[in-house]
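Okay, thanks for coming, everyone. Let me put the chain up on the screen, and then I'll walk you through it.

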Amino acid sequence: MNTKVNLCGIELDNPVIPASGTFGFGYEFAELYDINELGTFSFKGTTKEARFGNPTPRIAECPNGMINAVGLQNPGVENVISRELPKLKECFHKPVMANVSGFSVEDYAYTCQRLDAQDQVGWLEVNVSCPNVHGGGMSFGTQPEAAAEVTRAVKAVTKKPVIIKLSPNVTDIVSIAKACEDAGADGISLINTMLGMRIDLRRKKPVIANTMGGYSGPGIFPVALRMVYQVSKAVSVPVIGMGGVSSAEDVIEMMLAGATAVEIGAANLVNPFASRDIVRQLPQTMNKYGIEKLTDIIGGAH
């Protein structure tokens, strides 16, 4: 069984990638198992300045998933480079995916340029699904022009593959993905969390201090699969699929929809061994469905 895939010119042993925000900076999980079994992982969303994140409570449980509003808590790019990456180097010997967020185009460009210069970083996953403070609170990723502007700015200052991570909270995901591709994106990552909320019946108030948060988990898988299918048909760059993936079967379904690689998010928060277990289950699952090479099935359902 050949589980290898090629993501933007870099070969992965398998397509399984823990998603940003669910795997820290990797070394915490390295205490539990050898994280080199993974294809790679996307580290915690990093911004130019350190961020404390949103007020608590930040998590609400739901049937088939969870809502989080952590708010990009991270130590800032300079601390990631000086503290987190050296610790990671001791336990992870593959290129890592750097996940970047920003509150202005200049923020994105600065943070990406700093991370692009780090040997350990293989790809830049640019999260345009965060609120754009300078644009009146809308996400950069909800308008084709804004997503393209971030893409162009990042591409101008980096050499490594730039993968744009898109928000599902839009009416037309395809036009946004195409705008990013036209602006030079090397890949598209989708989907980020969907907007959701819960209300506490006793307090008669929202559970989450922020009122709303990102809904993730198995409940969003069909939506994610549909968007991966639509976008991979419309663009010629690789697509990374994610959203409710929790088994090797889900990985194969995502790849049939058009994903070259697949990220695992909320499942890591339920079971810290989830991504490792999916990697180990892949060969027998491939055997079950008569798949010799994973690269043969990418977009196979089109």
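**Starting from one isoleucine**

So, let's begin at isoleucine 35. Leaving out residues up to four places away in sequence, isoleucine 35 touches Phe23, Gly26, Phe29, Ala30, Phe41, Leu88, Cys91 and Phe92. Before I go on, keep in mind that this is a predicted model.

Where does that isoleucine belong? Ile35 is among the residues with the most contacts inside the largest nonpolar core, together with Leu7, Val126 and Ile188. That core has 93 residues. As a general point, nonpolar side chains in soluble globular proteins tend to be buried together.

You'll find glycine 26 in the loop between E3 and helix H1, which covers 27–30. Is glycine 26 buried or exposed? Its relative accessibility is 0%, so glycine 26 counts as buried. Again setting aside residues up to four places away in sequence, glycine 26 touches Ile35, Phe41 and Leu88. For a bit of scale, go from glycine 26 to threonine 47: that's 21 residues apart in sequence, and 18 Å apart in space, C-alpha to C-alpha.

Okay, on to the sheet. What is the strand order in the open sheet of 7 strands? Reading across, we get E3-E15-E14-E9-E8-E7-E6, with parallel pairing. Strand E3 (16–18) and strand E6 (96–100) are at the edges with a single partner strand each, so one side of each has no neighbour in the sheet. On average, neighbouring strands here are turned by 30° against each other, direction ignored.

Let's zoom in on the E6 end. E6 pairs with strand E7, residues 121–127, in the parallel sense, and there are 5 bridges between them. Valine 100 has valine 126 in E7 as its bridge partner. And we've met Val126 already, as one of the residues with the most contacts inside the largest nonpolar core.

Finally, the whole chain. DSSP gives 9 helices and 15 strands. The C-alpha trace spans about 50 × 50 × 40 Å along its principal axes. A compact globule of 302 residues would have a radius of gyration near 19 Å, and the chain has 18 Å, so the two agree. Buried residues make up 57% of the 302. If you take contacts between residues at least 6 apart in sequence, 71% join residues at least 24 apart. As for the surface, the chain exposes about 12700 Å², with carbon and sulfur atoms supplying 52% of that.

Notes. Residues are numbered from 1 along each chain as its sequence is written. This is a predicted model: local features need pLDDT of at least 70, side-chain atom pairs count only at pLDDT 80 or more; totals for chains, interfaces and linings use all residues. Side-chain values use heavy atoms; hydrogens and water are left out. A nonpolar core is a set of buried Ala, Val, Leu, Ile, Met, Phe, Trp, Tyr and Cys residues joined through side-chain atoms within 4.5 Å. Buried means under 20% relative accessible area, exposed over 50%, partly exposed in between (1.4 Å probe, protein chains only). Contact means heavy atoms within 4.5 Å. Two strands pair if DSSP finds at least two bridges between them. Helices (H or I, at least four residues) and strands (E, at least two) are DSSP runs, numbered from the N terminus. Axes are lines fitted to C-alpha atoms, for helices over the stretch in contact, and angles run from 0 to 180 degrees between N-to-C directions. The radius of gyration is taken over C-alpha atoms; the globule rule is 2.2 Å times the number of residues to the power 0.38. Accessible areas come from the Shrake-Rupley method with a 1.4 Å probe; for residues, only the protein chains shown count as cover.
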